[in-house]
Amino acid sequence: LCYGASSPALSDRSRFPTLFRTHPSATVHNPTRIKLMQKFGWSRVAILQQAEEVFISTVEDLETRCKDAGIEIVTRQSFLSDPTDAVRNLRRQDARIIVGLFYVVAARRVLCEMYKQQLYGRAYVWFFIGWYEDNWYEVNLKNENISCTKEQMKIAAEGHLTTEALMWNQNNQKTISGMSSEDFRKRLNAALIEEGYDINHNRYPEGYQEAPLAYDAVWSVALAFNKTMQRLTEQNSGKNLKDFTYTDKEIANAIYAAMNSTQFLGVSGVVAFSSQGDRIALTQIEQMIDGQYYKLGYYDTQADNLTWFDKEKWDGEKVPQDRTIVRRVLRTVSLPLFICMSTISSFGILVAVTLIVFNIWHRHRRVIQSSHPVCNTIMLFGVIICLVSVILLGIDGQFITAENYPKVCQARAWILSTGFTLAYGAMFSKVWRVHRFTTKTKTDPKKKVEPWKLYTMVSGLLAVDLVILLTWQMQDPLQRRLETFPLEDPISSKDDVKIRPELEHCESHNNSVWLGVIYGFKGLILVFGLFLAYETRSIKVKQINDSRYVGMSIYNVVVLCLITAPVAMVIASQQDASFAFVALAVIFCCFLSMLLIFVPKVIEVLRHPKDKVESKFSNDTGISKEDEERYQKLISENDDLQKLIAQ
């Protein structure tokens, strides 16, 4: 029978068939730890252990109990003598509730490393073993080369929990010895003072807490022997306890049976043994508050009864969390930015609608008729659609649900693409016809611009667009994809919270392929349009009187598109910058195109409000027969003059 051994390995009856102990097994703490975890709602814990047999077997038992209770063990770190790396790993694993199993010398090293790694305070809870001395974290610091001061050790130790089997009877009852536990304590302290121990300043000898266990162990032996002697007498076997030898199985069994059934009230509490020879005991729970241990309650494992005093105290006035709470926060376009861009776009739409009305109202005026009013109207419709897409680009998770986001994605692709085709296609077709007209004018000077060819070209470009978009939507539709960013600290929060920013993107499985097709098609038209605009830069054709302004608009669109597309892809993760950049590019293109093409016409109409209106049924070129004859006459005179000059 022993009074100081707590290793769970000693409970193995196959290895130690006749061992009893008044010291509870180290595993007696585990049900209490599980009970506390459940009480405070902790389901994620870490274990830090010293590589000693007693702690290894305790941890194995704890792991089994945690698994049964549905508690996750996030990491299990062990060390021999230096806990530095093990404690550092706990920080890397974001361990918050940590069960520490080590002897007191190692505990001081762990506590110092805790302070250095800042694994203490309101975000952390440590479980220590309760049989250390009350001032364990302040003593022997220099002797053991602990690099932390007493104040630092005290700061790190604040708030930790301890579990320990009760070593003293909690009631002031008379025990089997005739003494109460308090009487025993006084006698023990008096004896220690005689031996020279300064117990008035908490200078107790090592093993002081096990004194009542040792005392009750002697009583256990005495009672077991008495019971054995009585049984041997009753059996009339002629044997006496004094006849015992180490090969005498009969007397050994009698002693074992007597010890197994022993039960009495000792100075350490009720003494009784389990079938494994372990002491059955209550567990006491304490917490260090302001440098002192305060009893929080008791736990009776057998009855599963937790007696709680509600005296626990947490830094931050709330129970610490067992993990960092990660809050997912959707990054959305800034509301003021969205309102600003939407307002500008809405104004642009209003301007475009006004210009459409102006264009239709004055369609018989020479200045309007010579610029192909239907083409201009198509361009303005394209501008309106593009400006609507600006509003769609800013609509995200703050306005719609995740389920509806793919619909907005599809709408963005369709509207922006078709709007661009209508607006740019109308300008492109004009420049194309100017180029064709000027190249054929030498052979056919009276060649007229046929409007249906302009409309056919726009329709063709639109048809290609629709085929690509329809195939894209049917084969590989755009979906909502979330881009996640590294964890961030909240701006102001007392909670142990991290922010996980997320950003919505419109993407399909083969997104790059489809974007390549769209950009390739649009890029080809842009480059070709740029070439045509350059070729016709100095040509002024009366049949299409705004060709130079159209060319300037094309320059503007091409330059902005070539800049915007790649930059938008690079800054896609910055929602405000990306939205502002694309929105401003679209708005600038639309406004500048309307400005270049329509402002001269508006000025002309305002200057000459009573200008002769052409007949509804005049030919599309807007050139009268008299003008044509005068034009030919001037060409003839010009040729004659050139010949005279040459002579």
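**Cavities, salt bridges and surface**

Analyst: Let's start inside: α2 gives the largest share of the lining of the largest cavity, three residues. Please keep in mind that this is a predicted model, in which local features need pLDDT of at least 70 and side-chain atom pairs count only at pLDDT 80 or more, while totals for chains, interfaces and linings use all residues. Residues are numbered from 1 along each chain as its sequence is written, and side-chain values use heavy atoms, with hydrogens and water left out.

User: What makes a space a cavity, and how many of 30 Å³ or more are found in the whole structure?

Analyst: On a 1 Å grid over the protein atoms alone, a cavity is a set of points where a 1.4 Å probe fits but cannot get out. A search of the whole structure finds four of 30 Å³ or more. The largest has a volume of about 60 Å³, where volume means the space filled by probe spheres set on the grid points, which are joined across faces, edges and corners.

User: Which residues line the largest cavity?

Analyst: A residue counts as lining if one of its atoms is within 4 Å of a point. Here the lining is S6, A26, H29, R33, V54, F55, T58, L101, I129 and W131. Both α1 (29–40) and α2 (53–69) supply at least two of the lining residues. The helix names come from DSSP runs numbered from the N terminus (helices are H or I, at least four residues; strands are E, at least two).

User: How do the lining residues of the largest cavity divide by class?

Analyst: There are six nonpolar, three polar and one charged. Ala, Val, Leu, Ile, Met, Phe, Trp, Tyr, Cys and Pro count as nonpolar, Asp, Glu, Lys and Arg as charged, and the others, Gly among them, as polar. The second largest cavity, at about 50 Å³, has a lining of seven nonpolar, three polar and one charged.

User: What makes a space a pocket instead?

Analyst: A pocket is an open set of points with protein on both sides within 12 Å along at least five of seven lines. The second largest pocket has a volume of about 1400 Å³. Its lining holds 44 residues, with W131, Y132, E133, D134 and Q209 nearest the centre. By class, that lining has 18 nonpolar, 15 polar and 11 charged residues.

User: Why is the contact of D94 and R96 called a salt bridge?

Analyst: The term asks for a side-chain nitrogen of Lys or Arg within 4 Å of a carboxyl oxygen of Asp or Glu. The closest N and O atoms of D94 and R96 are 2.8 Å apart, so the pair meets the rule. There are 12 salt bridges in the structure. Side chains of opposite charge can pair when their charged atoms come close.

User: Is D94 buried, partly exposed or exposed, and which of these is R96?

Analyst: Buried means under 20% relative accessible area, exposed means over 50%, and partly exposed lies in between (1.4 Å probe, protein chains only). D94 has 24%, so it is partly exposed. R96 has 7%, so it counts as buried.

User: What does the salt bridge between R108 and E144 tie together?

Analyst: The two side chains meet at 2.8 Å, N to O. R108 lies in helix α4 (residues 104–117) and E144 in the loop between β4 (125–129) and α5 (150–157), so the pair ties together parts 36 residues apart in sequence. R108, at 4%, is buried, and E144, at 14%, counts as buried too.

User: What makes D310 exposed?

Analyst: Its relative accessible area is 59%, so D310 is exposed. D310 sits in the loop between β10 (305–308) and β11 (325–331), and its phi is near 55°, a positive value in a residue other than glycine.
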